[in-house]
Amino acid sequence: MKYTDVINELERLADEKYKKFNDRLLMTGKKTYGVRTPHLRALGKRIKREYPTFAEDALARSNLSHEEILLVGMQLGKDVETNVGLLNRLFAIADSWAQIDQVVSKFGWIKDKAELMRRFGYLKTGGEFKKRAYFVMLMTNCVSEEYMPLVEDGLRTVPLGEYYTDMAAAWLICDVCVKFYSYGLRLLALPELTPFVRMKAASKCRDSFRLTKEQKDEITRLSKEFIS
């Protein structure tokens, strides 16, 4: 398999109707083909078998499409510890919440989570999508009793104020509320949070089926008190 084969497959799998729908959600400045996720995953598996240097070859190119970025993430995410350098290059060119979320969600469960967050610590002071990557990384790897201090540190130290960063912070707080309710309330009270993050975190909690009505009411009440 060669790089031209990957592009030919993306063109073959392109769905114009899906592309028009998906482009409104992605908000990316990159080219999109409109390949549906199941087809993209199947292509990613084929690339893993037949084209082991795909990620390196892709990141040596310029103007990657949205789908190429996702395919690179599929190749790198399961072996994060040996692919930090390539992932750093990938984060540098990502310009959509979907690219960040879909790449980071492919990360294998890392044993040394403190080391993982240290290696990607530079994301905390990066642009909007790099900071989102840091929050999504916390949510997918560190929402446990042992590593909750890493979550709190991230919410205290990552600069807020950009939409896709703030939405990831709210998502993270909601996930903690669901799994560790008392600690979630503690995070909701952090002075570093913005009113927008508190409001969105409370909204996500109200939408959750894993919290009781009483818990949702308490979160809503407290979030309003903290904002005021």
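Predicted model: local features only at pLDDT ≥ 70, side-chain atom pairs only at ≥ 80, totals over all residues.
Q: How many helices and how many strands does the secondary structure of the protein come to?
A: Read along the sequence, the pattern is α-α-α-α-α-α-α-α-α-α-α-α-α-α. The secondary structure accordingly comes to 14 helices and zero strands.

Q: What share of the contacts in the protein with a separation of 6 or more joins residues 24 or more positions apart?
A: Buried residues make up 50% of the 228 residues. The accessible surface comes to about 11,200 Å², and 52% of that surface belongs to carbon and sulfur atoms. Among contacts with a separation of 6 or more, the share from residues 24 or more positions apart is 70%.

Q: How far apart are the end C-alpha atoms of helix H11, and what span should its 17 residues have?
A: Helix H11 covers residues 163-179, and at 1.5 Å a residue its 17 residues should span 24 Å. The distance between its end C-alpha atoms agrees with that expectation. That distance is 25 Å.

Q: Which residues have the most contacts inside the largest nonpolar core?
A: The largest nonpolar core has 76 residues. H11 gives the most to this core, with ten residues. The residues with the most contacts inside the core are Phe-91 and Leu-155.

Q: Which residues does Phe-91 touch, not counting those up to four places away in sequence?
A: Phe-91 is one of the residues with the most contacts inside the largest nonpolar core. Beyond four places in sequence, Phe-91 touches Ile-100, Val-103, Val-104, Phe-107, Phe-120, Tyr-122, Leu-123, Lys-130, Ala-133 and Met-137.

Q: Is Leu-188 buried or exposed?
A: Leu-188 has its place in helix H12, residues 181-188. Its contacts beyond four places in sequence include Ile-173, Leu-193, Arg-198 and Phe-226. The relative accessibility of Leu-188 is 1%, so this residue counts as buried.

Q: Is Met-27 buried or exposed?
A: Met-27 lies in the loop between helix H2 (16-26) and helix H3 (37-50). Its phi is near 55 degrees, a positive value in a residue other than glycine. The relative accessible area of Met-27 is 54%, so Met-27 is exposed.

Q: What is the relative accessibility of Asn-63?
A: Asn-63 is found in the loop between helix H4 (54-59) and helix H5 (66-76). Although Asn-63 is not a glycine, its phi is positive, about 55 degrees. Asn-63 counts as exposed, with a relative accessibility of 75%.

Q: With which side chain does the side chain of Lys-19 make a polar contact?
A: Lys-19 lies in helix H2. Leaving aside neighbours within four places in sequence, Lys-19 is in contact with Thr-32, Tyr-33 and Gly-34. The polar contact of the Lys-19 side chain, at 2.7 Å, is with the side chain of Thr-32.

Key: Residues numbered from 1 in each chain as written. Heavy atoms only, no water. Helix = DSSP H or I, 4+ residues; strand = E, 2+ residues; numbered from the N terminus. Expected span 1.5 Å × (residues − 1). Core = buried A, V, L, I, M, F, W, Y, C linked by side-chain atoms within 4.5 Å. Buried < 20%, exposed > 50% of the residue type's maximum accessible area, 1.4 Å probe, protein only. Contact = heavy atoms within 4.5 Å. Areas by Shrake-Rupley, 256 points an atom, 1.4 Å probe, with all protein chains shown as cover. Polar contact = N/O pair within 3.5 Å; in protein donor to acceptor, adjacent residues only side chain to side chain.
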